[in-house]
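Subject: Structure handover

Hello,

Here is the structure I promised to pass on. Please open it first, then read the notes below with the model in view.

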Amino acid sequence: MITLVRRVTAACAVCALGATLTACAPADESLAPRPAPSASAVSPAAPASRPPTLAPGPAGLTPVFEHGPRTRDRTVALTFDADMTADQGPRAERGERFDNPGLVAALRELKVPATVFMTGRWAEEYPGQARAIGRDPLFEVGNHSYSHYAVTGDCYGLPTLTEDRVRADVERAYAVFRKVGVRDAMPYFRFPGGCYDRGALKALTPVGVTAVQWDVASGDAFATDADAVAEEVLAGVRAGSVVVMHCTLSAAPTTERVVRSIVPELREKGYRFVKVSELIGAAGRSS
């Protein structure tokens, strides 16, 4: 996904967040497969044109996108995972903040387009925020599963969905997005923990999504030093980069400060912020 040294550090940080959010999670009987529309029907009224996706991979498997073209057009996509698992309602009731309104406000203030990968459980907990993000043209919403359970075994301690439940879990998230008023959620999916294998790609194929990974991990999960996180991002960004951060205040408290630091510096270096859809469209045109 990214260079070896940064890949190891980043994966540990990203997946440690997921493992903490799902630690000791009991089996969720509500995750039983159920009929749900596919990603191609994410809103009652179809958009004028379908968002760009990548062509299926070998043997028709779900395609995986990590970064856009490395061209002179210095674009970069900031992405934010809004993580919440199926069993964390009691923690939210006790006051734990799985949202981050300050971060969203900062992106609006700085006029930074972004892609937010929501879990369905997060959208259920914060329906007003999910709807506002989904209807703001500055943002686009991608799917991060309903449960935030892993789709492979041995994924940093995350509970695991069997392959026959992956599609239902993803489509359940799209159903929640529609229910809370998110318009035209994108046909993009981010694997919980960033973990996937051939079986997971095959299970997702009927949904018609492009899986979106990243090539720059911010390390914002559990970070307390915003400057160190900002330096990690600035050191890793290249033309076409996809940066992964988090929209979860309790587990990633420095992210708003990081964004306020890196945005002006990257703009000073000539970078232009775009949504993931623009990078995927550019990748399709260059292939």
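This is a predicted model: local features need pLDDT of at least 70, side-chain atom pairs count only at pLDDT 80 or more; totals for chains, interfaces and linings use all residues.

The charged end of Arg74 sits over the ring of Tyr271, 4.4 Å from the ring centre.

Now the overall picture. The chain has 287 residues, and 57% of them are buried. It holds 10 helices and 9 strands. Take the contacts between residues at least 6 apart in sequence: 83% of them join residues at least 24 apart. The accessible surface of the chain is about 11,700 Å². Carbon and sulfur atoms account for 54% of that surface.

Next, the aromatic rings. A pair of aromatic rings is described by how far apart the centres are and by the angle of the planes. The structure holds 4 aromatic pairs. One of them is formed by Tyr174 and Phe177. Their centres are 6.1 Å apart, the planes stand at 85 degrees, and the pair is edge-to-face. Both residues belong to helix 6, 3 residues apart, so about one helical turn separates them. Are they buried or exposed? Tyr174 has 0% relative accessibility, which makes it buried. Phe177 has 1% and is also buried.

Phe189 and Phe191 form an edge-to-face pair because their planes are at 85 degrees, with the ring centres 5.1 Å apart. The cut-off behind that label is a plane angle over 60 degrees. Phe189 is buried, at a relative accessible area of 1%. Phe191 is buried too, with 1% relative accessibility. Ring pairs also bring in Tyr196, so that Phe189, Phe191 and Tyr196 are linked into a cluster.

On to the cysteines. How many disulfides does the structure hold? The count is 1. The bond joins Cys155 to Cys195, with 2.1 Å from S to S. The link is right-handed, with 85 degrees about the S-S bond. Where do the two ends lie? Cys155 is in the loop between strand 4 and helix 6. Cys195 is in the loop between strand 5 (188-189) and helix 7 (198-204). The pair therefore ties together parts that are 40 residues apart in sequence. Cys155 and Cys195 are both buried. As a reminder, a disulfide is a covalent bond between the sulfur atoms of two cysteines. Cys247 is another buried cysteine, with a relative accessible area of 2%.

Helix 5 deserves a look as well. It spans residues 127-135, and Ala130, Ile133 and Gly134 are buried in it. Why do these three share a side of helix 5? They cover an arc of only 95 degrees around the axis, so they lie on the same side. What do the buried residues of helix 5 pack against? There are helical partners: helix 3 (101-110), helix 4 (120-125) and helix 6 (163-180). There are also strand partners: strand 3 (114-118) and strand 4 (139-143).

Helix 6 also contains Glu163. Glu163 is partly exposed, at 46% relative accessibility. Leaving aside residues up to four places away in sequence, Glu163 touches Gly199, Ala200 and Ala203. Glu163 and Val151 are 12 residues apart along the chain, and their C-alpha atoms are separated by 7.0 Å.

Finally, two backbone points. His148 has a positive phi, near 60 degrees, and is a residue other than glycine. His148 is in the loop between strand 4 and helix 6. It is buried, with 2% relative accessibility. Asp184 also has a positive phi, near 55 degrees, and is likewise not a glycine. Asp184 lies in the loop between helix 6 and strand 5. At 31% relative accessibility, Asp184 is partly exposed.

Best wishes

Notes:
Residues are numbered from 1 along each chain as its sequence is written. Side-chain values use heavy atoms; hydrogens and water are left out. Buried means under 20% relative accessible area, exposed over 50%, partly exposed in between (1.4 Å probe, protein chains only). Helices (H or I, at least four residues) and strands (E, at least two) are DSSP runs, numbered from the N terminus. The arc is that of the directions from the helix axis to the C-beta atoms. Contact means heavy atoms within 4.5 Å. A disulfide is a pair of cysteine sulfur atoms within 2.5 Å. Rings of Phe, Tyr and Trp (its six-membered ring) pair if their centres lie within 6.5 Å; planes under 30 degrees apart count as stacked, over 60 as edge-to-face and the rest as tilted. A charge sits over a ring if NZ of Lys or CZ of Arg is within 6 Å of the ring centre and within 35 degrees of the ring normal. Accessible areas come from the Shrake-Rupley method with a 1.4 Å probe; for residues, only the protein chains shown count as cover.
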